[in-house]
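This briefing covers fold content, nonpolar cores, salt bridges and backbone geometry. Please look over the sequence and the model first.

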Amino acid sequence: MIAPNFKEDAVGRQTDRSEEDRQGTGSRDARFRPNDVLELECPFTETTVTDVSRFYVSVRWPWLEVDPRAENIRWNGQRALPTPEAHDWEIFRTQPAEVTLKSDDICLVGIPPTVVHVLAVDHFDPPLVTGMLPRPESYLEVLRQGETHDPEFEDQGYALDPAGGEPIRIELLFRPYAFLEPGDEVADQNRRAWRFDAAWEWHPFDKAQPSAPAWPLALLSRNGEPTPEEAAVVARATTAGSHAEELERWTELTLARPATYQQ
């Protein structure tokens, strides 16, 4: 589990995966999980404009390499960034702005400080062939600040390789229920038993209302009987606070509603 203010230099979608891997509950990489609130930033780096249209500005991509062994995929070493008229969200931007550029201009490309929240964590084994190197072993599907997930909108998330060639700094701003792991079973203040699958996905064993546990919580199971240390961490973390406070902090940072809203 990663702690708040975790920073990683890191830092683009097709995959066959189980729902468990998609949600990160069965993944090999536990650094990120759905509902994490992150800040992204990438140093602006000099490059050249190769083409300009009404909706996109193409630049030579300064970080990734062509994958010579990729079959049926030949990347040209460029990346198209949208102009405002494209109405397409892209975390990488140019300086000066895309609308001011013309072919052969020298510009900078990077990511200004950008707050996102994680919709899903996708894993690829073997790594995904994209025509670029390095080949991604995982993607974070993220939503921009102020955007709530719409389950009817299939391509809503932006896919980001957290360990790719771009030198992206990723800072964890907030992880709701950071002291729990997906699959944990707990008892709440009212002695109701619950299974925790994600911050806003609580399943009471009695299937009654309300649909969120009352703090403090007692850890009952974590891949079997929890250790005394694991149980103590959960007990200490829920001595004060509440589910509503976790939700309020998440909402303040994301300016969005959870994908599955819990009262």
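This is a predicted model: local features need pLDDT of at least 70, side-chain atom pairs count only at pLDDT 80 or more; totals for chains, interfaces and linings use all residues.

Residues are numbered from 1 along each chain as its sequence is written, and side-chain values use heavy atoms, with hydrogens and water left out. The protein chain has three helices and 15 strands; helices (H or I, at least four residues) and strands (E, at least two) are DSSP runs numbered from the N terminus.

**Burial and surface**

- Of the 263 residues in the protein chain, 46% are buried; buried means under 20% relative accessible area, exposed over 50%, and partly exposed in between (1.4 Å probe, protein chains only).
- The chain exposes about 14,000 Å², of which carbon and sulfur atoms supply 48%; accessible areas come from the Shrake-Rupley method with a 1.4 Å probe, and for residues only the protein chains shown count as cover.

**Nonpolar cores**

- In soluble globular proteins, nonpolar side chains tend to be buried together.
- The largest nonpolar core holds 29 residues, and the members that touch the most others are Leu38, Leu40, Trp61, Ile91, Phe92 and Ile168; such a core is a set of buried Ala, Val, Leu, Ile, Met, Phe, Trp, Tyr and Cys residues joined through side-chain atoms within 4.5 Å.
- Two or more residues of this core come from each of strands S2 (37–52), S3 (56–60), S7 (106–123), S9 (138–144), S10 (158–160) and S11 (168–174).
- Strand S7 gives the largest share of this core, six residues.
- Another core, of 18 residues, lies apart from the largest one, and Phe174, Tyr177, Phe179 and Ala199 are among its members.
- Leaving aside neighbours within four places in sequence, Leu40 is in contact (heavy atoms within 4.5 Å) with Ile91, Ile111, Pro112, Pro113, Thr114, Val116, Leu160, Ile168, Arg169 and Ile170.

**Salt bridges**

- The whole structure contains 16 salt bridges, each being a side-chain nitrogen of Lys or Arg within 4 Å of a carboxyl oxygen of Asp or Glu.
- Glu39 and Arg169 form one of them, with the closest N and O atoms 3.0 Å apart.
- Because Glu39 lies in strand S2 and Arg169 in strand S11, this pair ties together parts that are 130 residues apart in sequence.
- Arg169 also meets Glu171 in a salt bridge, at 2.9 Å from N to O.
- Arg222 is buried at 16% relative accessibility, whereas Glu230 is partly exposed at 25%.
- Through shared partners, salt bridges join Glu39, Glu41, Arg169 and Glu171 into one network.

**A buried arginine in a loop**

- Arg33 sits in the loop between helix H1 (19–23) and strand S2.
- With a relative accessible area of 8%, Arg33 is buried.
- A polar atom of the Arg33 side chain lies 2.8 Å from the backbone oxygen of Leu180.

**Backbone exceptions**

- Most residues other than glycine have a negative phi, and most peptide bonds are trans.
- Gln95 and Pro96 are joined by a cis peptide bond, with omega about -5 degrees; Pro96 belongs to the loop between strand S6 (93–95) and strand S7.
- Trp215 and Pro216 are likewise joined by a cis peptide bond, with omega about 0 degrees; Pro216 is in the loop between strand S14 (201–204) and strand S15 (218–221).
- Asn72 is not a glycine, yet its phi is positive, near 65 degrees.
- Asn72 occupies the loop between strand S4 (65–66) and strand S5 (78–82), where it is exposed at 84% relative accessibility.
- Asn223, also not a glycine, has a positive phi of about 55 degrees.
- The loop between strand S15 and helix H2 (228–237) holds Asn223, which counts as exposed at 85% relative accessibility.

Notes: A polar contact is a pair of N or O atoms within 3.5 Å; within protein, one must be able to donate a hydrogen and the other to accept it, and residues adjacent in sequence count only if both atoms are side-chain atoms.
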